[in-house]
Amino acid sequence: MFADLLRRLTAPEPDRLPEPDARLALAALMVRVARSDGDYDPAEIARIDRILTKRYGLGPEATANLRAQAEALEQEAPDTVRFTRAIKGAVDLEERSAVIEALWSVVLVDGERDAQEDSLLRLLANLLGINDRDSNIARKRAEEAIHPRNSQA
């Protein structure tokens with residue numbers, strides 16, 4: 001079902017993806033991150049749905065459909081390094097920066113941060129062309145969005 005998209009993503013010089021394909025590839029990367037610790041938690045699924053809804057202005061049914069497609073694509077996609085490098089070549093830098101924040105949001109939503117997930121996010125940021133400083137800034141924004149600090153004294 002996703003053979004054409006995967007073929008285009010893994011081409012030696014991938015073209016920029018049209019919006020629907022870029023949306024699906026980025027959603028699949030969020031699913032891959034959520035599944036990386038072996039526990040595809042309901043909180044992570046809900047976070048992915050919130051990100052997709054907000055980012056793309058989708059209704060509940062369209063969001064659930066996109067996530068279901070992303071889950072299927074993630075299973076068929078090549079190894080994480082090739083898949084992420086392919087996304088880098090097919091998606092603009094600004095979009096990739098926003099994706100790192102979304103990925104941190106998925107990792108952090110369950111309230112547990114482990115070394116495996118930290119390592120994966122460092123790898124993904126690097127593969128997407130995002131430096132450690134910008135990834136750290138994205139992580140802090142994601143933490144603040146999940147757990148806003150009480151600004152009242």
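Biologist: What makes Asp118 count as buried?

Modeller: In this predicted model, Asp118 has a relative accessible area of 14%, and because buried means under 20%, Asp118 is called buried. Asp118 has its place in helix H7, which covers residues 115-127, and, leaving aside neighbours within four places in sequence, Asp118 is in contact with Trp104 and Arg113.

Biologist: Which residues of H7 are buried?

Modeller: The buried residues of H7 are Glu117, Asp118, Leu120, Leu121, Leu124, Ala125 and Leu127. Trp104, a contact of Asp118, is in turn listed among the buried residues of helix H6, together with Arg96, Val99, Ile100, Ala102, Leu103, Ser105, Val106, Val107 and Leu108.

Biologist: Why is Leu123 called partly exposed?

Modeller: Leu123, which also has its place in helix H7, has a relative accessibility of 36%; since partly exposed covers the range between the 20% limit for buried and the 50% limit for exposed, Leu123 counts as partly exposed. The C-alpha atoms of Leu123 and Thr80 are separated by 9.5 Å, although these residues are 43 residues apart along the chain.

Biologist: How do you know that the span of H7 agrees with its number of residues?

Modeller: At 1.5 Å a residue, the 13 residues of H7 should span 18 Å, and the end C-alpha atoms are 18 Å apart, so the two values agree. After H7 comes Gly129, whose phi is positive, near 80°. For H6, residues 93-108, the 16 residues reach 23 Å from the first C-alpha to the last, which is close to the 22 Å expected at 1.5 Å a residue.

Biologist: Why is H2 called roughly perpendicular to H4?

Modeller: Helices H2 and H4, the latter being residues 60-76, pack at an angle of about 70°, with their axes 8 Å apart. Because angles of 65 to 115 degrees count as roughly perpendicular, H2 is described as roughly perpendicular to H4. The residues of this contact divide into eight nonpolar, two polar and five charged. On the H2 side they are Arg23, Leu24, Ala25, Ala27, Ala28, Val31, Arg32 and Arg35, which meet Leu66, Gln69, Ala70, Glu71, Leu73, Glu74 and Gln75 in H4.

Biologist: How many helices and strands does the protein chain have, and what share of its residues is buried?

Modeller: The protein chain has eight helices and zero strands, and 43% of its 153 residues count as buried. The chain exposes about 8200 Å², of which carbon and sulfur atoms supply 49%. Among contacts between residues at least 6 apart in sequence, 77% join residues at least 24 apart.

Note on methods
Residues are numbered from 1 along each chain as its sequence is written. This is a predicted model: local features need pLDDT of at least 70, side-chain atom pairs count only at pLDDT 80 or more; totals for chains, interfaces and linings use all residues. Side-chain values use heavy atoms; hydrogens and water are left out. Axes are lines fitted to C-alpha atoms, for helices over the stretch in contact, and angles run from 0 to 180 degrees between N-to-C directions. Helices (H or I, at least four residues) and strands (E, at least two) are DSSP runs, numbered from the N terminus. Angles under 35 degrees count as roughly parallel, over 145 as roughly antiparallel, 65 to 115 as roughly perpendicular and the rest as oblique. Contact means heavy atoms within 4.5 Å. Ala, Val, Leu, Ile, Met, Phe, Trp, Tyr, Cys and Pro count as nonpolar, Asp, Glu, Lys and Arg as charged, and the others, Gly among them, as polar. Buried means under 20% relative accessible area, exposed over 50%, partly exposed in between (1.4 Å probe, protein chains only). Accessible areas come from the Shrake-Rupley method with a 1.4 Å probe; for residues, only the protein chains shown count as cover. The expected span of a helix is 1.5 Å times one less than its number of residues.
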